[in-house]
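Let's take a friendly walk through this structure together. Keep the picture open beside you and look for each part as we come to it.

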Amino acid sequence: MTDQRAQWPSDHLIISKTDLKGKITYANRLFMQVSEMHEGQLLGKPHSVIRHPDMPRGVFRYMWQTLQKGEEFFGLVKNKTYTGKYYWVLANVTPNVNVQTGKINGYFSVRRQINESVEEVIANIYQEMKKIESAGTNQSIDDAVAYLMAECSKAGGYRDFVIGIAGVRFK
Ligand SMILES: Cc1cc2nc3c(=O)[nH]c(=O)nc-3n(C[C@H](O)[C@H](O)[C@H](O)COP(=O)(O)O)c2cc1C
C-alpha cells in the first residue's frame, strides 16, 4: 500500500454489479480506470480484489447483513488500486430484483467521491474497529460492529451517519 490517493472527476460514479455471491459481473469504465485493472482482472472476482487493508471486517459483515435483509446499504469505504493507491467512496449497494420472479439475483453498487475532510472522521472510527478485531475472533467482528453502531447512534444509525457526513442529499 502507498499513501497516494487515486484521483477521478468528482461528479463521476464508480459502478459495478455482482451475482448473489458477490462476484463481479459488470464494472463501468471508471471502475476499471480507478482500480487500474482491466475487465479480465475484475469479472468473476469478488470485490475483495479492491479491498484496502485499513477496512475493518465488521463494515462488510454489516453490509452483507443489511443486504440479506433485502435492504440497501450506504457505507464509507476505502478501496485500493492495483498499484496500491487508495480512494474513499460513499457506496450505495442495492439488491437487484428480477422483475419476473421477484427474487434477488445480484447486487449493484454506485460509489460517489466524498470530501477529504470526512475521511479523517471515518478513518478514526474504522481504526478503533480494527483494534477491536485484532483479537482475531468471530465475536470480535461483532464487537466492532456494535462499536460502530454505538458511534453512529446519535445520528440515527450508520446509514444516516454516513449520508450526513458525506453531505449527500437524496431526493
Ligand atoms: C455490489 C457490491 C459491491 C461491493 N463493493 C466493495 C468495494 O467497493 N470494496 C470492498 O472492499 N468490498 C466491496 N464489497 C464487499 C466484498 O464482497 C467483500 O465482502 C469485502 O471486500 C470483504 O472481503 P473479505 O471478507 O473476503 O475480506 C462489495 C460487495 C457487493 C455485493
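Just after helix α3, find Gly70, which takes a positive phi of about 85°. Before going on, please keep in mind that this is a predicted model.

Now step back into helix α3 itself, which covers residues 57–68. This helix has twelve residues and reaches 17 Å from its first C-alpha to its last, close to the 16 Å expected at 1.5 Å a residue. Which residues of α3 are buried? They are Gly58, Val59, Tyr62 and Met63. Seen down the axis of α3, these buried residues fall within an arc of 145°, so they line one face of the helix.

What do the buried residues of α3 pack against? Their partners are the strands β3 (73–80) and β4 (86–97), together with the helices α4 (116–133), α5 (138–152) and α6 (158–166).

Leaving aside residues up to four places away in sequence, Thr66 touches Glu71 and Phe73. Thr66 and Met55 are eleven residues apart in sequence, and their C-alpha atoms are 18 Å apart in space.

Let's move on to helix α5. Its 15 residues should span 21 Å at 1.5 Å a residue, and its end C-alpha atoms are 22 Å apart, which agrees. The buried residues here are Ile141, Ala144, Val145 and Leu148. Viewed down the axis of α5, they fall within an arc of 100°, so they line one face of this helix. On the other side of α5, Gln139 and Ala150 are exposed. The buried residues of α5 pack against α3, α4 and α6.

How do α3 and α5 meet? The two helices pack at an angle of about 80°, with their axes 8 Å apart. They are therefore roughly perpendicular to each other. In this contact, Arg57, Gly58, Arg61 and Tyr62 of α3 meet Ile141, Ala144, Val145 and Leu148 of α5. The residues of the contact divide into five nonpolar, one polar and two charged. Look again at Gly58 and Tyr62, which are among the buried residues of α3 and also take part in the contact with α5.

Next, visit helix α4, where you will find Glu128. With 15 other C-beta atoms within 10 Å, Glu128 is partly exposed. Now trace the chain from Glu128 to Tyr147: they are 19 residues apart along the chain, while their C-alpha atoms are separated by 8.5 Å.

Our last stop is Glu36, in the loop between α1 (29–35) and α2 (39–42). Is Glu36 buried or partly exposed? It is partly exposed, with 15 other C-beta atoms within 10 Å. Its backbone is worth a look too. Most residues other than glycine have a negative phi. Glu36, however, has a positive phi of about 60° although it is not a glycine.

How values were computed. Residues numbered from 1 in each chain as written. Predicted model: local features only at pLDDT ≥ 70, side-chain atom pairs only at ≥ 80, totals over all residues. Helix = DSSP H or I, 4+ residues; strand = E, 2+ residues; numbered from the N terminus. Expected span 1.5 Å × (residues − 1). Buried ≥ 20, exposed ≤ 12 C-beta atoms within 10 Å, placed from the backbone. Arc of directions from axis to C-beta. Contact = placed C-beta atoms within 7 Å. Axes fitted to C-alpha atoms, helices over the stretch in contact; angles between N-to-C directions. Parallel < 35°, antiparallel > 145°, perpendicular 65-115°, else oblique. Nonpolar A, V, L, I, M, F, W, Y, C, P; charged D, E, K, R; others polar.
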